[in-house]
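Biologist: Could you take me through this structure, beginning with the interior and then moving to the sheets and helices?

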Amino acid sequence: MKYISTRGAAPVLTFDQAMMTGLARDGGLYVPETIPAMTQTDIAALAGLGYEETAFRVMRPFIGDCFTDQEFQDIIARAYAGFGHAARAPLVQLGPNHFLLELFHGPTLAFKDFAMQLIGQLFQAALQRQGERVTIVGATSGDTGSAAIEAFRGLEGVDVFILFPDGRVSEVQRRQMTTPVETNVHALALAGDFDDCQARVKDMFNDFDFRDSVRLAGVNSINWARVLAQVVYYFSAATSLGAPHRPVSFTVPTGNFGDIFAGYVARRMGLPIERLVIATNQNDILHRALKTGRYQTEGVRPSISPSMDIQVSSNFERALFDAYGRDGAAVAQLMQELRQTGGFRISQGAIDVLRETFLSGRASEDETRATIAGAFAATGEILCPHTAVGVNVAERHLGPVPMITLATAHPAKFPDAVEAAIGLRPALPPRMADLFVRPERVTRVANDLAGIESLVRERIAN
Ligand SMILES: *Cc1c(COP(=O)(O)O)cnc(C)c1O
C-alpha cells in the first residue's frame with residue numbers, strides 16, 4: 001500500500017513513513033493510492049465481533065507490510081485496553097430511528113482517543129524498530145492536544161509539544177494537557193486562536209531545516225493514521241444496525257473534517273452509508289461551501305462547542321482531491337488561492353460529486369443549548385455541546401434510513417455549557433476525579449515562529 005500527496009508533488013511513501021511525516025513536503029495531505037474494498041461478505045462477517053477484531057480487519061489492508069499481523073493485533077489491543085467501556089464505541093438509542101455512537105469512553109473522554117491511543121502505540125513500535133527519536137508537534141482546539149499527551153506521555157523516543165489557544169479551551173481540556181508529570185510532555189499556551197496554532201505548526205513543517213534537525217512528526221488530524229483509526233467505528237456501528245443488509249446514515253459534528261472523512265473512506269470501502277451529514281456550529285464554512293459552492297473563510301467566532309471553532313478545515317482537502325478526480329495540481333491551485341485571497345470557488349463538477357455523499361447543516365448557539373435541554377428532557381441523555389450540534393442537525397435529516405449521530409465528547413468535558421442548558425453539572429468519571437487538584441505545568445508563547453522553534457530546540461536538547 002502506497003501513499004500519495006493531495007498536491008501531487010511529494011514523495012510516495014509507505015504507511016509508516018506517511019504516519020511519521022504527517023504533512024507532505026508539497027504542503028499536501030497523504031492519502032492511499034487506492035482505497036481497498038471490502039466485499040459484502042467481508043462486511044457481514046464483522047457482525048458480532050469485538051471492537052479490536054473489527055479494527056484489525058478494517059485497517060489491515062492499509063498497513064501494507066509495515067507490521068506483522070501479530071504485531072498489529074498487539075498494537076490494537078494495547079491501544080484500546082485503557083477505555084472505560086467493554087464495547088469501546090457503544091450505540092444507544094436517542095429516538096425513533098436515531099442512534100448515538102458514544103465515542104467518549106477513552107482516557108480523555110473524546111473521540112480523538114480512538115486515533116491517538118492507536119497512533120501512540122504505532123509510533124512506539126515503529127521507533128523501537130528504527131532506534132530513532134522524534135519530536136511531535138501538534139495544534140489543538142482542546143481535545144486533540146489532551147488526547148496526544150495522554151497517548152505519548154512517558155513513551156520512549158518521543159517529545160510532544162502541543163500548541164493550544166490561550167484562554168480558549170475548557171478547564172478540563174487545559175488540565176488534561178498541563179497536569180501530566182512526564183518530562184517528554186510540553187503544553188504551550190499560544191497568544192492567538194486555534195487557526196494561529198495550526199498555522200504555526202504548518203510553518204514548522206514547511207521549515208525543512210528545522211523539520212529535519214529535530215525530526216519533526218505530526219499527529220494532527222491531517223495524519224493519515226488518525227483518519228484510518230476512525231474508519232473502524234463506522235463499520236462497528238453500521239454492522240450493529242444490520243449493515244451490509246441495511247444502509248445507515250451518519251451525522252458528524254465537524255471541525256477539521258477528519259472524523260467525517262473517515263466515514264467517507266468507510267463508504268468508499270463498500271460500507272453502505274446512504275448519507276454523511278456534516279454538522280457545523282456557527283463557524284459554518286463547510287455548510288456554506290456545500291450550499292453555495294464557495295469555500296470562503298471568515299473570522300473564527302468562539303462558541304460553546306470550541307473543538308469545532310475553525311475557519312479552515314484541513315482534511316477537506318482530501319475530499320476535494322477525490323472530487324477533482326485526484327488532480328493534485330488542481331488542488332494545489334485552490335489552496336494557493338485560499339492562502340492568497342481567503343477563499344475559492346469549487347468547480348461545478350466537484351461540488352456535484354461532494355453533494356452525492358455529503359449533506360450539511362448548521363446549529364446556532366441557541367439551537368445547541370435547546371438541543372441539550374430537549375434531549376435531556378426526552379431521554380435523560382446528557383449531550384456535550386458538540387454532540388448537541390450533531391443531534392440538532394441530524395433531527396432535520398431523519399427518515400427511513402437509521403441515523404447514527406457521533407457523540408464526540410463526554411458532557412463533563414464542557415460542564416459550563418451543559419449546566420447553562422439543563423441546570424446540572426455533569427460529573428467526571430471517578431477515574432479522573434482528582435484532575436482539579438493536580439498541579440499544572442504550562443509555557444506561554446507568542447504567536448511567533450522563530451520563538452517557538454527555539455523553545456523546541458532548547459527543550460529537546462535537555
Ligand atoms: C475534534 C472534535 C470535533 C471535530 O472533529 P474533526 O475531525 O476536527 O471534524 C468535534 N467534537 C469534538 C468533541 C472534538 O474534540
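Modeller: A nonpolar core is a set of buried Ala, Val, Leu, Ile, Met, Phe, Trp, Tyr and Cys residues joined through side-chain atoms within 4.5 Å. Buried means under 20% relative accessible area, exposed over 50%, and partly exposed in between, with a 1.4 Å probe and protein chains only. This is a predicted model: local features need pLDDT of at least 70, side-chain atom pairs count only at pLDDT 80 or more, and totals for chains, interfaces and linings use all residues. Residues are numbered from 1 along each chain as its sequence is written, and side-chain values use heavy atoms, with hydrogens and water left out.

Biologist: Which residues touch the most other members of the largest nonpolar core?

Modeller: They are Phe123, Tyr234 and Phe250, in a core of 139 residues. Helix H10 (residues 224-240) gives the most to this core, namely twelve residues. Helices (H or I, at least four residues) and strands (E, at least two) are DSSP runs, numbered from the N terminus. Apart from this core lies another, of twelve residues, including Leu94, Ala375, Ala388 and Ile422.

Biologist: What does Phe123 touch?

Modeller: Leaving out residues up to four places away in sequence, Phe123 touches Met19, Met20, Val134, Ile136, Phe152, Ala217, Gly218 and Val219. Contact means heavy atoms within 4.5 Å.

Biologist: On to the sheets. What is the strand order in the open sheet of five strands?

Modeller: The order is E8-E5-E6-E7-E15, with parallel pairing. Two strands pair if DSSP finds at least two bridges between them. Strand E8 (216-218) and strand E15 (443-445) are at the edges with a single partner strand each, so one side of each has no neighbour in the sheet. From one strand to the next, the twist averages 30°.

Biologist: How many bridges join E5 to E8?

Modeller: Three bridges join strand E5 (residues 134-139) to E8, and the two run parallel. Within this pair, Ile136 stands opposite Ala217 in E8.

Biologist: Which helix lies across E5, E6 and E7?

Modeller: That is helix H6 (residues 143-152), which lies across E5, strand E6 (158-165) and strand E7 (185-190) and runs at about 165° to E6. Axes are lines fitted to C-alpha atoms, for helices over the stretch in contact, and angles run from 0 to 180 degrees between N-to-C directions.

Biologist: Staying with E6, is Asp159 buried or exposed?

Modeller: Asp159, which lies in strand E6, is buried, with a relative accessible area of 7%. Residues up to four places away in sequence aside, Asp159 touches Arg133, Val134, Thr135, Ile136, Thr183, Asn184, His186 and Ile460. The C-alpha atoms of Asp159 and Leu216 are separated by 9.7 Å, with the two residues 57 apart along the chain.

Biologist: And the open sheet of six strands: what is its order?

Modeller: The order is E3-E4-E14-E9-E10-E13, with mixed pairing. Strand E3 (91-95) and strand E13 (358-362) are the edge strands, each pairing on one side only. The twist averages 25° from one strand to the next. Strand E9 (residues 248-253) and strand E14 (residues 403-407) run parallel and are joined by three bridges; Ser249 has Met403 in E14 as its bridge partner. H10 packs on this sheet, touching E3, strand E4 (98-102), E9, strand E10 (273-280) and E14, and its direction makes about 140° with that of E9.

Biologist: New topic. At what angle do H16 and H17 cross?

Modeller: The axes of helix H16 (residues 365-379) and helix H17 (residues 385-395) cross at roughly 95° and come within 8 Å. Angles under 35 degrees count as roughly parallel, over 145 as roughly antiparallel, 65 to 115 as roughly perpendicular and the rest as oblique. H16 and H17 are therefore roughly perpendicular to each other. Glu367, Thr368, Thr371 and Ile372 in H16 meet Pro385, Ala388, Val389, Val391 and Asn392 in H17.

Biologist: How many residues of H17 are buried?

Modeller: Ten of its eleven residues are buried, and H17 is mostly covered. One of them is Asn392, at 11% relative accessibility. Beyond residues up to four places away in sequence, Asn392 touches Arg362, Ala363, Glu367 and Thr371.

Biologist: Finally, what does UniProt place at residues 97-332?

Modeller: The unreviewed UniProt entry places the feature "domain: Tryptophan synthase beta chain-like PALP" there. UniProt positions are given in the numbering used here, feature names are shortened, and annotations may be inferred rather than shown by experiment. Over residues 97-332 the chain is 44% helix and 19% strand, with the end C-alpha atoms 41 Å apart.
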